[in-house]
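Please look over the sequence and the model first, then read the points below.

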Amino acid sequence: MMRVGPSYRVGSLSLFLLIATAPVRAQLDNLVEQMRETPITSQRISDGLHVLFGVGGNIVVSIGASGVLMVDSQFPQMAPKYKDKISELGGGNIDFTLNTHWHFDHADGNLILGPEGTWIVAQENSRDRLTQDNQINLVNQLWEQPAYPAAALPTITFKDQMSFEFNGERIDLLHYGPAHTSGDAAVVFRAHNAVHMGDVFNNNGYPFIDFDSGGSFEGMIDFCRSVLNQINTDTVVVPGHGPVTDYVELADYTSMLSQIRDRVRDLIEDGATLEQVVAARPTRRWDGEQGDPANFLDRVYASLTQSISAQ
Ligand SMILES: [Zn+2]
């Protein structure tokens, strides 16, 4: 596809658009504006562990005697603001940044942090993605996320699991196969009893499945179930986006996805087209709280069609 859209350069962040529809352009202008206007706010999980909200994915930061370890890095424009917030909370330089996955709204901050000497950690498939130019098919738009320069790439990777002993606790990075993307990591803070789910768990509307880049709807359900087995009913659950929540909400979300999976799979097995699936309103019970299911169902249909035909 020919690139016809505008190209924006904001600081070291480049956002290219492949489809220059007016709503998309407005959305991008809105993002740039948001980054200028939005402060970083924080929510304390317990001593030494905080969630930071700004523009992009939720950040979790561990601050203590070992130093500062941060999960996800938002955008370069937000970096000065979250560094100030980390100082306010008693931290210094950011020693480690763990990317829950490679999407720009979680990892573009690497472009600032990597060159400054922060160690960047990610699941190996996410690192692979970050070394290449990507197009993210968001259904209603295509985002181009250019390859990162070497200094912004993860220098430490893992396949299924790795652990830190940092700030007096064990921190586990867990990967359970394709889910939101092909390279997701959940990060479990064992002593604080908290988990950052990345975008495998979205708590502000139906999730996005990056199927075109190797994500899987069924994998997303399995991933959530695997994490639920690792945590307990007292665990603080931080979603990729949306408010901090708990075990029960993650379990409910997993159940919702699983029920939708069953309904859509039945429809596909009966020969339904995407249009017929949408018309059957398999998500109707949840649309009131989750919003418009159109883009979600598009990706669910694509993912389930593939897994059914592979059986
Ligand atoms: Zn994402």
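**Strands and helices in brief**

Strand 3 and strand 4 (residues 49-53) form an antiparallel pair joined by five bridges. The model is a predicted one. The points below begin with this hairpin, then turn to a sheet and a pair of helices.

**The hairpin**

- Gln43 has Val51 of strand 4 as its bridge partner.
- Two residues lie between strand 3 and strand 4 in the hairpin, where Gly48 adopts a positive phi near 85°.
- Strand 3 (residues 41-46) lies largely in the open, because zero of its six residues are buried.

- An open sheet is built from six strands in the order 12-13-14-15-16-17, with mixed pairing.
- The edges are strand 12 (161-166) and strand 17 (245-246); each has a single partner strand, so one side of each has no neighbour in the sheet.
- Strand 12 runs antiparallel to strand 13 (residues 169-174), and six bridges join the two.
- Opposite Glu165 stands Arg170 in strand 13.

**Helix 6 and helix 7**

- Helix 6 (residues 217-230) and helix 7 (residues 247-269) have axes that come within 10 Å and cross at roughly 150°.
- Helix 6 is therefore roughly antiparallel to helix 7.
- The crossing of helix 6 and helix 7 is left-handed.
- Residues making the contact include Phe217, Met220 and Ile221 of helix 6, and Leu250, Tyr253 and Leu257 of helix 7.
- Sorted by class, the contact of helix 6 with helix 7 comprises nine nonpolar, two polar and three charged residues.

Methods:
Residues are numbered from 1 along each chain as its sequence is written. This is a predicted model: local features need pLDDT of at least 70, side-chain atom pairs count only at pLDDT 80 or more; totals for chains, interfaces and linings use all residues. Axes are lines fitted to C-alpha atoms, for helices over the stretch in contact, and angles run from 0 to 180 degrees between N-to-C directions. Helices (H or I, at least four residues) and strands (E, at least two) are DSSP runs, numbered from the N terminus. Angles under 35 degrees count as roughly parallel, over 145 as roughly antiparallel, 65 to 115 as roughly perpendicular and the rest as oblique. A crossing is left-handed if the near helix is turned anticlockwise from the far one by less than a right angle, and right-handed if clockwise. Two residues are in contact if their C-beta atoms, placed from the backbone, lie within 7 Å. Ala, Val, Leu, Ile, Met, Phe, Trp, Tyr, Cys and Pro count as nonpolar, Asp, Glu, Lys and Arg as charged, and the others, Gly among them, as polar. A residue is buried if 20 or more other C-beta atoms lie within 10 Å of its own, exposed if 12 or fewer, and partly exposed in between; C-beta atoms are placed from the backbone. Two strands pair if DSSP finds at least two bridges between them.
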